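Biologist: Hi! I have a new structure open and I'd like to get to know it. Could you walk me through it?

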Amino acid sequence: MRDVVSDNIRELAAPYCDPDIVTLGIEINKTTGGGCGVLLDVGSNIGSCALVWASMGHTAYAIEPMAYNVKLIKKTLENNAFRGTVTIFPVAAGDTNEDKVLYLSPGNTGDNRVGGEAVSTRQSQGGKHIW
């Protein structure tokens, strides 16, 4: 499997990560000697911010419900030696504890949506995954 995340970070200079997050990680390293920052990356997508944060020696928690994106983050972690750590939570974040439908956006793994009525089984059905 090609390491899509590393290729994007390397080739595109991590455009998917908010520059303020990168700046904050750098400033924490300057003032503390590094490695003590913690990032909660909700809706991590392919993990760009969490991985950039870990590359600076910090800890990141990546919350990402889409199985394919989780697979990409894991592959990047396998293929690279980061000074920090990334812990992946393959779930969606919300203010209630219930099952929802994850609607997948065709062609854009960063534009998925959680919504619909609560369901109780995991399955795929024509462009949506039920979690």
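Modeller: Happy to! Keep in mind that this is a predicted model.

Biologist: Nice. Which residues are closest to the centre of that pocket?

Modeller: Those are G43, E64, P65, L102 and N112, out of 14 residues that line the second largest pocket.

Biologist: And how does the lining divide into nonpolar, polar and charged residues?

Modeller: There are 7 nonpolar residues, 5 polar ones and 2 charged ones in the lining of this pocket.

Biologist: OK, let's zoom out. How many helices and strands are in the chain?

Modeller: The chain has 4 helices and 7 strands. Following the sequence, they come in the pattern α-α-β-α-β-α-β-β-β-β-β.

Biologist: What is the strand order in the open sheet of 3 strands?

Modeller: The order is β1-β2-β3, and the pairing is parallel. β1 (38–42) and β3 (85–89) are at the edges, where each has a single partner strand, so one side of each has no neighbour in the sheet. From one strand to the next, the twist averages 15°.

Biologist: How many bridges link β2 and β3?

Modeller: Strand β2, residues 59–63, pairs with β3 over 5 bridges.

Biologist: Is α3 mostly covered or mostly exposed?

Modeller: Mostly covered, with 7 of its 8 residues buried. Among them are C49, L51 and W53.

Biologist: What follows α3?

Modeller: G57 does, and its phi is positive, near 95°.

Biologist: Switching topic: where does I26 lie?

Modeller: I26 is in helix α2, which covers residues 19–32. Its relative accessibility is 39%, so I26 counts as partly exposed.

Biologist: How far apart are I26 and M56?

Modeller: They are 30 residues apart in sequence, and 7.5 Å apart in space from C-alpha to C-alpha.

Biologist: Last one! What share of the whole chain is buried?

Modeller: Of the 131 residues in the chain, 35% are buried.

Note on methods: Residues are numbered from 1 along each chain as its sequence is written. This is a predicted model: local features need pLDDT of at least 70, side-chain atom pairs count only at pLDDT 80 or more; totals for chains, interfaces and linings use all residues. Side-chain values use heavy atoms; hydrogens and water are left out. Two strands pair if DSSP finds at least two bridges between them. Helices (H or I, at least four residues) and strands (E, at least two) are DSSP runs, numbered from the N terminus. Axes are lines fitted to C-alpha atoms, for helices over the stretch in contact, and angles run from 0 to 180 degrees between N-to-C directions. On a 1 Å grid over the protein atoms alone, a cavity is a set of points where a 1.4 Å probe fits but cannot get out, and a pocket is an open set with protein on both sides within 12 Å along at least five of seven lines; lining residues have an atom within 4 Å of a point. Ala, Val, Leu, Ile, Met, Phe, Trp, Tyr, Cys and Pro count as nonpolar, Asp, Glu, Lys and Arg as charged, and the others, Gly among them, as polar. Buried means under 20% relative accessible area, exposed over 50%, partly exposed in between (1.4 Å probe, protein chains only).
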